[in-house]
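Good morning, and thank you for coming.

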Amino acid sequence: MPRTPPRRVAAPAAAGSPVQGPPLSKDSAIAADVKALVMSGARDAARERFADLVALQQRRAVRIAYQYLRDVHDADEAVQDAFVKVFTHIASYREDLPFEVWFTRILVNGCLDLRKARGRRLRWAVPMSPAGDTVSHEPIAPDPSPEARLVAAERGRQIAAAVEQLPERQRTVFTLCQVAEHSTSEVSQALGLSEATVRVHLFRAIRKLRRLLEHER
Amino acid sequence: MIMAHGHLSDDQLIEICLDRSLGARERQHLDVCPDCVGRRADIAQMLTDVTDTVVAEADAAFPAERLARQQARILHRLAQDGRPGRVIAFPATHAVEPPGPRARPGMRWMAGAAAAGMVIGLLAGHLVHDLPGQAPLAQVVSSRPRPAAGAPALRAVSTTLTEEEFLGQLELATQGSAGRALRPLDDLTPRVWEVSAR
């Protein structure tokens with residue numbers, strides 16, 4: 001399965017303090033370029049450069065948003081809004097912070113807002129047909145023998161159900177650490193939690209997943 | 001730290017799986033304990049399975065074409081940002097010729113008569129309200145019994161409420177004691193989708 005390329009490993013840092021280190025990651029360097037172009041008034045050139053940043057971060061962003069919202073359209077909207085917000089507020093981007101942390105914070109806040117709004121709407125509105133734009137939990141398998149596919153699909157469903165059962169904070173930390181491949185230091189900055197708290201949530205999430213999935217076997 | 005009965009704890013194994021630092025004692029223990037090696041392999045496999053499933057699910061929901069469309073939409077939204085909105089003339093056909101100084105004299109008389117009528121009406125209204133023996137309207141309103149201090153007061157709903165604000169106010173209203181009292185009644189009431197499903 002194609003995964004995003006490995007990223008620079010952030011140096012350990014206390015929550016809220018900037019991550020020090022001379023070599024900027026590629027996305028941070030592009031974000032700095034975009035900021036400079038916007039500040040100099042070259043908005044068209046800034047937009048063109050921003051397209052590179054979107055291409056770089058998009059896949060990771062949709063994975064996070066989809067894990068949060070469990071709906072294709074909502075995740076699509078959340079990711080679009082996050083990128084538009086980033087460009088609109090690029091002047092306030094601090095180049096000494098990793099861009100990805102800043103972007104993740106904006107994206108996660110957007111997802112939370114969207115989920116809150118959706119919760120309200122679902123409470124008061126007549127639901128649509130149950131067969132929405134959902135995706136099967138069947139993982140992409142290279143060997144599509146019917147039995148193997150059936151077993152893989154069942155296992156996929158069990159895993160998705162187990163992840164769904166995690167408390168919100170644990171699911172968020174697990175998603176950001178394991179799916180988005182952030183370090184615990186980056187997650188602590190993105191969520192505004194201490195690194196120790198992030199680690200506690202991550203451990204609890206893994207323990208709970210293990211218990212749930214062992215029970216399913 | 002090695003557990004009391006000699007094996008590594010689950011937390012230590014999880015930490016090792018998450019590529020944390022591995023102490024000399026843990027490394028030594030893993031070299032000689034197939035049980036802990038097996039448990040570590042189980043945890044690592046579980047983590048890989050979960051991560052791969054979650055990632056595969058999201059990637060299946062967002063194939064390359066969808067990502068391309070999304071990127072185009074983002075750039076389109078950014079291109080629209082900062083442009084002034086297009087003003088559509090309304091009504092388009094009649095707004096072409098503004099009324100100028102060549103308006104007909106008869107129209108001027110009509111406008112003057114309408115203004116005079118309005119002024120006379122306002123004056124007459126004042127006279128009628130301020131006649132002696134009639135309480136002013138404000139006093140009549142204030143003489144009505146006031147609600148008790150603790151009673152919930154109805155809040156005026158602005159017509160400019162957004163959908164989110166409106167739903168938020170509905171939620172607040174249902175969380176109050178009056179909302180709880182009505183809940184049994186609400187439970188008895190069939191929902192639209194229940195009725196339509198029958």
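Let me begin at the interface, where 57 residues of chain A are in contact with 43 residues of chain B. Please keep in mind throughout that this is a predicted model. The size of an interface is often given as the accessible area lost when the parts come together. Here, the area buried between chain B and chain A is about 5,000 Å², and carbon and sulfur atoms give 63% of that area. On the chain B side, the residues that lose the most area to chain A are B:Glu57, B:Phe62 and B:Leu78. Together, these three account for 12% of what that side buries.

What share of the residues counts as buried in each chain? In chain A, it is 47% of 217 residues; in chain B, it is 19% of 198 residues.

Taking contacts in chain A between residues at least 6 apart in sequence, 71% join residues at least 24 apart. For chain B, residues 24 or more positions apart account for 38% of the contacts with a separation of 6 or more. As for surface, the accessible area of chain A comes to about 10,800 Å², with 56% belonging to carbon and sulfur atoms. The accessible surface of chain B is about 15,200 Å², and there carbon and sulfur atoms hold 63%.

Which residues have the most contacts inside the largest nonpolar core? They are A:Phe50, A:Leu107 and B:Val50, in a core of 76 residues. The element of chain A that gives the most to this core is helix H2, residues 43–69, with 11 residues. The core also draws at least three residues from each of two domains of chain A, namely domain 1 (24–122) and domain 2 (149–217).

H6(A) is mostly covered, with 10 of its 12 residues buried. Among them are A:Val173, A:Phe174 and A:Leu176, and also A:Gln170, A:Arg171 and A:Gln178.

Why does A:Gln170 count as buried? Its relative accessibility is 10%, and the cut-off for buried is under 20%. Apart from neighbours within four places in sequence, A:Gln170 is in contact with A:His201, A:Arg204, A:Ala205 and A:Lys208.

Finally, I would draw your attention to some backbone angles. Most residues other than glycine have a negative phi. H6(A), however, is followed by A:Glu181, which has a positive phi near 60 degrees. A:Glu181 lies in the loop between H6 and helix H7 (184–191) of chain A. At 27% relative accessibility, A:Glu181 counts as partly exposed.

Where does A:Arg70 lie? Its place is the loop between H2 and helix H3 (72–88) of chain A. With 23% relative accessibility, A:Arg70 counts as partly exposed.

Just after H1(B), B:Asp19 takes a positive phi of about 65 degrees. Helix H1 of chain B covers residues 10–17, and its buried residues are B:Gln12, B:Leu13, B:Ile14, B:Ile16 and B:Cys17.

To close, I return to the nonpolar core, where A:Phe50, A:Leu107 and B:Val50 have the most contacts. Thank you for your attention.

Note on methods. Residues numbered from 1 in each chain as written. Chains lettered and ligands numbered in written order. Predicted model: local features only at pLDDT ≥ 70, side-chain atom pairs only at ≥ 80, totals over all residues. Heavy atoms only, no water. Buried < 20%, exposed > 50% of the residue type's maximum accessible area, 1.4 Å probe, protein only. Contact = heavy atoms within 4.5 Å. Areas by Shrake-Rupley, 256 points an atom, 1.4 Å probe, with all protein chains shown as cover. Helix = DSSP H or I, 4+ residues; strand = E, 2+ residues; numbered from the N terminus. Core = buried A, V, L, I, M, F, W, Y, C linked by side-chain atoms within 4.5 Å. Domains from an automatic or database assignment. Buried area = accessible area lost by both parts, 1.4 Å probe.
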